[in-house]
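Hi everyone, thanks for coming. Let's have the model up on the screen and walk through it together.

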Amino acid sequence: MVVLKAPFTEEKIRALKVGDRVEIYGLIFTARDAVHKWLHEGNVPPKNEVDLTNSVIYHCGPVVIEKGAGAKKHYVVTAAGPTTSTREEPYQAGIIEKYGVKAVIGKGGMGENTRLACQKFGCVYLHAVGGAAQVLAEAIKKVEGVYGLEKFGSPEAIWKIQVEKFPVVVTIDSHGNSLHKEIEASSASALQGIYSELKK
Amino acid sequence: MKAALQKKFFDSLVEVIRKTSTELPDDVVRAIEAGKSKESEDSSAKYAMEIITDNIGLAKKKSQPLCQDTGSILFFIHYPAKGVDYSVMTKLIQKAVAAATKKGYLRQNSVDSITGKNNGTNVGPGSPTIHAEPWKKDFFDIRLMLKGGGCENVGAQYSLPDSRVGAGRDLLGVKKCVLDAVQQAQGKGCGPGILGVTIGGDRATGYLNSKEQLLRKMEDENADPLLAKLETEITDEANRLGIGPMGFGGKTTLLKTKVAAMNRLPASFFVSVSYMCWAYRRQGAKVTAKGEIQKWLY
């Protein structure tokens, strides 16, 4: 098990390899479809609220409830599994380049553009277990704030969350390796093998 | 339906939704445990399966949704022909869905396809989906499936012959299509998956029937020996693809396959594949004529 703690430096990211199991500690940002499109259109969130430089992005639309009132008002995340990452494939590489994003968390893997951006700019894709909304919500210790709640709606907003022991697996590293590319190729060749057996 | 019955029936429906969203049925948990035991120690596949089993326990304990995508809401219902008004029953189901959403058992998950608006209730055209048939018995059989978007998106329908897959109009061709669907899905459907497959029908009935196969118990055996054999073979062969839990690589790509056949037109030969994720949320209840849950069906 590798521990990845903020600050997320290029050195720490370059040390990660496909297959590593990682536990993340620190501040991360949720961002899904609406935010990726918005960033891609050239919008920049105010730096004092959301500083994406050297950040970790999580493809997630959490279920968040509001608790307390007045000064005691705060947010609690009650379910927070990853959403399918491929939808952000057209935008991800550009965002990694522009902000020096150091890690992208999601599920289902990403494509060639993201793999190449990870290699070039020192980023990794970290795969969380899809459907594990409760285990992952438990690893979220605090909601620091939210950006764009009005603009994007709750699931699509940028939630600033403090995580501890947040469990993921490296499936695209910064050295050009992608577990997704590998498994796709090996399963395609296994399928052809089974097909030729079936013909006999 | 009398007011007292309506109230009881409504409460029972909300409880069916809560249980479906937060607890996996025992037969599914057994299959997941069996899959976990097959993965090698210290592999990513084992690690994923451990997180999955932890998540199942945690969701049940906290009575919170297993997965934040609480999915398409699919009801399969038999109701007493005598004394139950279909439209009243349907309204109660919609009311129960809205109430379960408010309580957080369901995410605000239903979007107007034209405007993109989400009214936050999960009630709208096509949501919830209710398949209901009257019967002569004096109780309700209410089954619910919550099917998330990740796995629904990797479902597939083939029209044979299919030249890309190299599938002809026979059982060999059927098998090739189903294995192709599993390979195409990779880890995107949140595997290990469970397949519902229907050979034949038209495009709509084929897909619907393939979903209905997912109402069968994991351990049941197909009454048709030919299809029973096909089910076992597909699962075994898919597990040789090495895709594994979440697409991490590993031995457990599928937990089960369920196959059915419907008649087809001479001109059509469809193979419809519904992929269900490991978060296989389906539950059901026998509900008495008084609206009370008498027993759970899974």
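Let me begin with what I mean by touching: two residues are in contact if their C-beta atoms, placed from the backbone, lie within 7 Å. With that rule, the contact between the two chains takes 35 residues from chain A and 40 residues from chain B. Please keep in mind that this is a predicted model.

Which parts of chain A supply the side that touches chain B? At least two residues each come from β5 (74-79), α5 (133-138), β9 (158-172) and α7 (179-199) of chain A. The most comes from α7(A), which gives 12 residues. Sorted by class, that side of chain A has 18 nonpolar, 14 polar and 3 charged residues.

Now let's move over to chain B and look at a pair of helices. In general, two packed helices are described by the angle between their axes and the distance between the axes. For helix α2 (residues 26-38) of chain B and helix α3 (residues 44-62) of chain B, the axes come within 9 Å and cross at roughly 155°. Because angles over 145 degrees count as roughly antiparallel, α2(B) is roughly antiparallel to α3(B). Their crossing is left-handed.

Who meets whom there? From α2(B) we have B:V29, B:I32, B:E33, B:G35 and B:K36, and they meet B:K46, B:M49, B:I52, B:T53 and B:I56 in α3(B). The residues of this contact divide into 5 nonpolar, 2 polar and 3 charged.

Stay in that area for a moment, and find B:E39 in the loop between α2 and α3 of chain B. Is B:E39 buried or exposed? B:E39 counts as buried, because it has 23 C-beta neighbours inside 10 Å, and 20 or more is the cut-off for buried. Leaving out residues up to four places away in sequence, B:E39 touches B:A45, B:K46, B:M49, B:G250, B:K251 and B:T252. Take B:T252: it sits 213 residues from B:E39 in sequence, yet the C-alpha atoms of the two are 7.3 Å apart in space.

Next, the sheets of chain B. One is an open sheet of 5 strands in the order β2-β1-β3-β8-β9, with mixed pairing. At its edges stand β2 (129-135) and β9 (293-296) of chain B, each with a single partner strand, so one side of each has no neighbour in the sheet. From one strand to the next, the twist averages 20°. Inside this sheet, strand β1 (residues 72-80) of chain B and strand β3 (residues 140-147) of chain B run antiparallel and are joined by 7 bridges. To see one pair, look at B:S72, which stands opposite B:K147 in β3(B). Helix α1 (residues 3-22) of chain B packs on the sheet, touching β3, β8 (281-287) and β9 of chain B.

There is also an open sheet of 4 strands in chain B, in the order β4-β7-β5-β6, and its pairing is mixed too. Here the edges are β4 (156-159) and β6 (254-261) of chain B. The twist in this sheet averages 15° from one strand to the next. Strand β5 (residues 193-199) of chain B runs parallel to β6(B), joined by 7 bridges, and B:V197 stands opposite B:V259 in β6(B). Packed on this sheet is helix α7 (residues 203-212) of chain B, whose direction makes about 35° with that of β7(B).

Definitions and conventions:
Residues numbered from 1 in each chain as written. Chains lettered and ligands numbered in written order. Predicted model: local features only at pLDDT ≥ 70, side-chain atom pairs only at ≥ 80, totals over all residues. Axes fitted to C-alpha atoms, helices over the stretch in contact; angles between N-to-C directions. Parallel < 35°, antiparallel > 145°, perpendicular 65-115°, else oblique. Left-handed = near helix turned anticlockwise from the far one by under 90°. Nonpolar A, V, L, I, M, F, W, Y, C, P; charged D, E, K, R; others polar. Buried ≥ 20, exposed ≤ 12 C-beta atoms within 10 Å, placed from the backbone. Pairing = 2+ DSSP bridges.
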